[in-house]
Amino acid sequence: MPITGYALDGTVAVVSLNSDDNKLKPVFVKSFLKTLDDIEHTTDAKALVVTSSHDRIFSNGLDLDWVVPTINSGKLAEFTEFIIDLMKLYRRILMFPMPTVAAINGHAFAGGAILACYFDYRFMRSDRGFMCFPEVDLGIPFLPGMMAAMRHVIPVDTLTGMALEGRRLTGSECAERNIAVRALPNETLLNEALAFAKTISKRREIIFEIKKELYKDILHAMDVEDPKTIASGRFNV
């Protein structure tokens with residue numbers, strides 16, 4: 001099974017994340033970017049839905065089993081290249097020229113929860129899984145573009161507790177706070193997200209232009225950040 005793959009369902013491209021806990025590491029990020037390129041350039045899809053092939057985990061964030069040894073062995077150039085690619089993935093999803101829907105069918109932690117914030121819409125599982133930013137306990141800072149995306153999606157009073165305390169929210173709690181469109185049982189989650197995506201069939205070039213204004217603050221924050229600052233000392237696992 002490929003690390004990431006997709007299938008077309010009418011006008012919707014449905015991406016499946018198939019890696020080990022869908023942890024963010026170089027091979028996963030590069031595969032995801034290639035899948036998005038394939039969808040944009042070789043299909044006529046009008047919407048994107050992303051889900052996980054695992055029934056408990058959407059994405060568990062950075063793969064610390066790769067990150068920590070890479071940093072400790074002094075491979076800072078390799079780590080910096082990964083952070084640049086990761087931010088490229090976040091920007092790619094944010095500015096993908098069609099509506100994007102995350103069907104979050106399990107835990108979305110750390111970088112995985114941040115990833116979810118770059119989608120236009122989120123549907124979450126109601127019977128299992130948390131959204132959580134444990135970076136405060138892991139010693140990992142948020143880059144400006146990450147925090148801008150989180151702030152765009154999560155009400156400030158909720159975000160404060162999630163960012164400073166590592167507070168977890170269930171899918172139902174996320175729906176109550178409008179972080180997610182809906183929270184649903186796992187057996188109906190993907191179908192509902194897919195049905196929603198099929199209701200949006202717009203011209204790609206118009207969607208892209210609208211997103212440039214809609215997400216202007218996030219794009220500005222991403223443009224001024226320097227991923228190299230993490231490799232030079234802000235990453236303190």
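Predicted model: local features only at pLDDT ≥ 70, side-chain atom pairs only at ≥ 80, totals over all residues.
Close-up 1. Helix H11 spans residues 216–224, and its buried residues are Ile218, Leu219, Ala221 and Met222. These four cover an arc of only 160° around the axis, so they sit on the same side of H11. An α-helix has 3.6 residues a turn, so residues three or four places apart point the same way. On the other side of H11, the exposed residues are Asp217, His220, Asp223 and Val224. The cover over the buried residues of H11 includes H3, helix H6 (144–153) and helix H10 (204–214).

**Close-up 2. Packing of helix H2 against helix H3.** Two packed helices are described by the angle between their axes and the distance between the axes. Here H2 (residues 64–72) and H3 (residues 76–94) pack at an angle of about 140°, and their axes are 8 Å apart. That angle makes H2 oblique to H3. H2 contributes Trp66, Val67, Thr70 and Ile71 to the contact, and H3 contributes Leu76, Glu78, Phe79 and Phe82. By class, the contact of H2 with H3 holds six nonpolar residues, one polar and one charged.

**Close-up 3. Crossing of helix H1 and helix H3.** The axes of H1 (residues 26–42) and H3 cross at roughly 30° and come within 10 Å. The crossing of H1 past H3 is left-handed. From H1, the contact takes in Pro26, Val29, Lys30, Phe32, Leu33, Leu36, Asp37, Glu40 and His41. They meet Glu81, Phe82, Asp85, Leu86, Lys88, Leu89, Arg92 and Ile93 in H3. Nine residues of this H1 contact with H3 are nonpolar, one is polar and seven are charged.

Close-up 4. Apart from residues up to four places away in sequence, Thr158 touches Leu169, Arg177 and Ile179. The buried residues of H7 are Thr158, Leu159, Gly161, Met162 and Ala163. Among the elements that cover them are strand S8 (130–132), helix H5 (135–138), H6 and strand S9 (169–170). Gly166 follows H7 and has a positive phi, near 70°.

**Close-up 5. Surroundings of Ile3.** Ile3 lies in the segment before strand S1 (4–9). With a relative accessible area of 26%, Ile3 is partly exposed. Leaving aside neighbours within four places in sequence, Ile3 is in contact with Ser16, Leu17, Asn18, Ser19, Val27, Phe28 and Ser31. Ile3 and Lys216 are 213 residues apart in sequence. In space, the two are 31 Å apart, C-alpha to C-alpha.

**Close-up 6. Positive phi at Ala110 and Asn178.** Ala110 is not a glycine, yet its phi is positive, about 50°. Ala110 is in the loop between strand S6 (107–109) and helix H4 (111–117). Its relative accessibility is 7%, so Ala110 counts as buried. Asn178 is not a glycine either, and has a positive phi of about 65°. Asn178 lies in the loop between helix H8 (171–176) and strand S10 (182–184). At 65% relative accessibility, Asn178 counts as exposed.

How values were computed:
Residues numbered from 1 in each chain as written. Heavy atoms only, no water. Axes fitted to C-alpha atoms, helices over the stretch in contact; angles between N-to-C directions. Helix = DSSP H or I, 4+ residues; strand = E, 2+ residues; numbered from the N terminus. Parallel < 35°, antiparallel > 145°, perpendicular 65-115°, else oblique. Contact = heavy atoms within 4.5 Å. Nonpolar A, V, L, I, M, F, W, Y, C, P; charged D, E, K, R; others polar. Buried < 20%, exposed > 50% of the residue type's maximum accessible area, 1.4 Å probe, protein only. Arc of directions from axis to C-beta. Left-handed = near helix turned anticlockwise from the far one by under 90°.
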